[in-house]
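Visitor: I am new to protein structures. Please pick one part of this one and take me through it closely.

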Amino acid sequence: MSAKHKGKGPQALTANHLREGFVVWLTPDMGWSPHFKDALLSEDETVIDQMQAQGDKDDSDNLITGVYFIDVDAETKLPARYRERFRVGGPSYDTAAHIKKHGVR
């Protein structure tokens, strides 16, 4: 189940792809993209309800996990909070290089 929409202004729906682990955003065609530039941004409550329904369905179908809405800055069209802007840039270190150097724990 995704978190209920609570924010103000444009919203995007985010999650993690269950198999790959990548951060993903819901797109206008109700698919998922690892690129924030592809994200569906909306303030329309009807569209937000559709986004939530799609997130809940894909979560139940085990395609994604950790679904929630994020606030988006209306002017920059980027996530409003630092945590979400950080997630747009991907992992802060190269996981494959870390495992190669230190092994898997």
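Guide: Here is a close look at one strand and its surroundings. Keep in mind that this is a predicted model. Our part is strand β1, residues 11–17. Start with its cover. β1 is mostly covered, with five of its seven residues buried.

Now look at its partners. Strand β4, residues 64–71, pairs with β1 in the antiparallel sense. Six bridges join β1 and β4. Find Leu13 and you can see one of the links: its bridge partner in β4 is Phe69.

Strand β2, residues 23–26, also pairs with β1 in the antiparallel sense, over three bridges. Here Asn16 stands opposite Val23 of β2. β1 and β2 form a hairpin, and five residues lie between them. In that turn, Gly21 has a positive phi of about 85°.

Go back to Gln11, in β1. Gln11 has 1% relative accessibility, so it counts as buried, the cut-off being under 20%. Its side chain reaches the backbone oxygen of Gly9 at 3.3 Å.

Next comes a neighbour from a helix. Met51 sits in helix α1, residues 45–60. Met51 counts as buried because its relative accessibility is 0%. Leaving aside residues up to four places away in sequence, Met51 touches Gln11, Ala12 and Leu13, among others. Its contacts also include Leu26 and Phe69.

Technical notes
Residues are numbered from 1 along each chain as its sequence is written. This is a predicted model: local features need pLDDT of at least 70, side-chain atom pairs count only at pLDDT 80 or more; totals for chains, interfaces and linings use all residues. Side-chain values use heavy atoms; hydrogens and water are left out. Helices (H or I, at least four residues) and strands (E, at least two) are DSSP runs, numbered from the N terminus. Buried means under 20% relative accessible area, exposed over 50%, partly exposed in between (1.4 Å probe, protein chains only). A polar contact is a pair of N or O atoms within 3.5 Å; within protein, one must be able to donate a hydrogen and the other to accept it, and residues adjacent in sequence count only if both atoms are side-chain atoms. Contact means heavy atoms within 4.5 Å. Two strands pair if DSSP finds at least two bridges between them.
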